[in-house]
Amino acid sequence: MRIPKIFFKIFAAIFVLTAIYILFVFYFFIPKIENKTIFLENSLGKAQLQKTVQLVDSYAERLEEYEAMALESRKDELKQLTDVIYDIVEVNYKQSLQNPAKTQELQQNVLNLVSKIKYANNDYFYISDYNSTLLSHPYLQGQNFSNVTDIYGNLIVPKLVEIAKKDNEGYIRYWWKKNTIDNTPYEKLTYARNFAPWQWVIGTGVYIDDIHREVQKRKNEMIGKLKTILNNTKIGNNGYVYIFDENGNMIIHKNKELEGKNFRSYLNPGKSTYIIDDLIKAYKSGEKTLYYNWDKPNDRGNFKYKKVSWIEYEPYFKWYICSSEYIDEAYADSENLKDFMIYSILIMVVLIILLGLYFLKQIFEPVLTLAHNAQEVIDGNLDARYTDKIRNDEIGLLALQYNTMLDRIKEQMETLDTKVKEKTQKLRVALNEKELLLKEVNHRVKNNLNVISSIIGLQAFHNNDKDMQHFIETIQHRIHSMSIAHEMLSKKSKVSSLDVEDYIRHLVESLIEAYTEDPSSCKCIYEIDELHFDLDTLLSCGLIVNELVTNAIKYALLQEENYLKITIKEDGNNIILSVKDNGKGLQKGEGFGVGLELVAILTEQLQGSMRVLSGNGTEIIINFPKPT
């Protein structure tokens, strides 16, 4: 059997697609993979940096919380102690108000008493006037502290006086020596409270170096844990994370010879700048990345390896946190991945070609046989069957179904065309007859209704009784509302439902035209959803609207500003029908006329309910189930 042309086309397509795939992989995919691998390597380094920063931030947050809590506790303690002295001063002040001549004596007694009170670790109280002179102090009483500062040049007593006068109380922190023996300055927390009647500032303070010591202790413990974590962290083969402070002290480093040393004097290899300055400058520039040469853990002192560091800053500890990676290692991983992909693709291509040839042969042999048999069927031989062995696969199923199909075709060919033609003709005749019959019925109903309306109108013409004429006119409009629906049905090809809005508008406009001399003067507002009702429901709604609109035109639309609003909306499984006017409304004592009684009967037929609202006009609301 000759090899079919489609075999060569498919094989050529496979070959071309494979060649295109190889070119795409070599020129687009592999370079992207290389870049992606390097990007992932960099992302790993940056991710490790962020992970370390988050860890350090969590430590910082805990230390900040401890320090804030300890300081807050000290503040509460200082305030409570000062409040005791404040109460003593206030008691003496009240005594001075009763005996003003003793004011100076009472003030001096208070000052002497306060200068002698001690608590805790020899801590004391003081009283200053508004000029920063210490009126009471165990060691410095009578001295003016207007220009006295701590070791950082910050005024002490004047600042306390300023805060107390402005906010009535407050805290400051400054540095001061503890005693004459120890000249080392320690940070002190001081609280001051204003006693305005005597222009005194009362206060006390405590040293908080114990808090600093505890914070430093916890910080050292944290650094120890952090070292353990970072020493077991690798980025690539030899990359690592290191930390230094803003003074250049190396806090944590993989190289233990550098850890704990000041790094300020280390040059950036191959440059005249210092490596610490370059790292800080790279962070502050916003790049947060620095490329430089450095040694490797397995080749110390040989600063020839290109390296990249990513930098972040932790403000509480004032640390620079860096993760680093050797660039050649990142590219090495990329090259290894590239080689692996190339060899894998070549092997895959060879396998695709070999397997493609085999499976194409398996597919096309039975397909060619079926194609040959199909050509015989086209030529008129309905006995051309697939006679080779039926395979247990989709091709075998196709051959089996092919034979079955020919058997059924042969059985049905003789009778199918005749049956189809006969059935089609019968259906067409029946359909045409039904459509004509329905249109004729609706046309005749419409004509009969119009004839009835005309006969009633003729009777009204010969009757001089105005009440009878009014009654007959009302009957005519009710008949007309039904006539409109049948007229719409006689013009439609689909008679199962009618458009509600089209019907209501037509009905209302005919009523306005019948009852008003100038139809344009009657303002009518429609709010009708897109709904379709069957004939019975639509006729009931039409008769309801006919009665309500007729009453509104006659009794409500008497002024130019009056209007009529017709609403038909879908509300879940219900229909809301409303006719509203802004006329004078139902007057007290007025009952329901025949028209409203008819509306009530029609509402009951619709299995609905009716409400009458009268205030600023009249509104009739009908609520009934949505027709199915």
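A residue counts as buried under 20% relative accessible area, as exposed over 50%, and as partly exposed in between. The exercises below apply to a predicted model.

**Exercise 1.** Determine whether Lys288 and Glu312, which meet in a salt bridge, are buried, partly exposed or exposed.

*Solution.* 
1. The side chains of Lys288 and Glu312 form a salt bridge, with 3.5 Å from N to O.
2. This pair links distant parts of the chain: Lys288 lies in the loop between α5 (275-284) and β9, Glu312 lies in strand β10, and 24 residues separate them.
3. Lys288 has a relative accessibility of 30%, so it counts as partly exposed.
4. Glu312 has a relative accessible area of 16%, and therefore it is buried.

**Exercise 2.** Describe how strand β9 is paired and which of its residues form the covered face.

*Solution.* 
1. Strands β9 and β10 (residues 305-314) pair in the antiparallel sense, over 6 bridges.
2. One of the bridge partners is Trp310 in β10, which faces Thr289 in this pairing.
3. In β9 (residues 289-294), the covered face consists of Leu290, Tyr292 and Trp294.
4. The uncovered face of β9 holds Thr289, Tyr291 and Asn293.

**Exercise 3.** Characterise the largest pocket by its volume and its lining.

*Solution.* 
1. The space in the largest pocket is about 830 Å³.
2. Its lining has 31 residues, and those closest to the centre are Tyr124, Lys177, Lys178, Lys188 and Tyr207.
3. The lining divides into 14 nonpolar, 8 polar and 9 charged residues.
4. Strand β6 gives the most to this lining, with 4 residues.

**Exercise 4.** Decide whether Cys522 is in a disulfide or in none.

*Solution.* 
1. A disulfide requires two cysteine sulfur atoms within 2.5 Å.
2. A search of the whole structure finds 0 disulfides.
3. For Cys522, the nearest cysteine sulfur is that of Cys524, 6.3 Å away, and Cys522 is in no disulfide.
4. Cys522 counts as buried, because its relative accessibility is 13%.

Methods:
Residues numbered from 1 in each chain as written. Predicted model: local features only at pLDDT ≥ 70, side-chain atom pairs only at ≥ 80, totals over all residues. Heavy atoms only, no water. 1 Å grid on protein atoms, 1.4 Å probe; cavity = no way out; pocket = protein on both sides within 12 Å on 5 of 7 lines; lining within 4 Å. Points joined across faces, edges and corners; volume = space filled by probe spheres on them. Helix = DSSP H or I, 4+ residues; strand = E, 2+ residues; numbered from the N terminus. Nonpolar A, V, L, I, M, F, W, Y, C, P; charged D, E, K, R; others polar. Buried < 20%, exposed > 50% of the residue type's maximum accessible area, 1.4 Å probe, protein only. Pairing = 2+ DSSP bridges. Salt bridge = Lys/Arg side-chain N within 4 Å of Asp/Glu carboxyl O.
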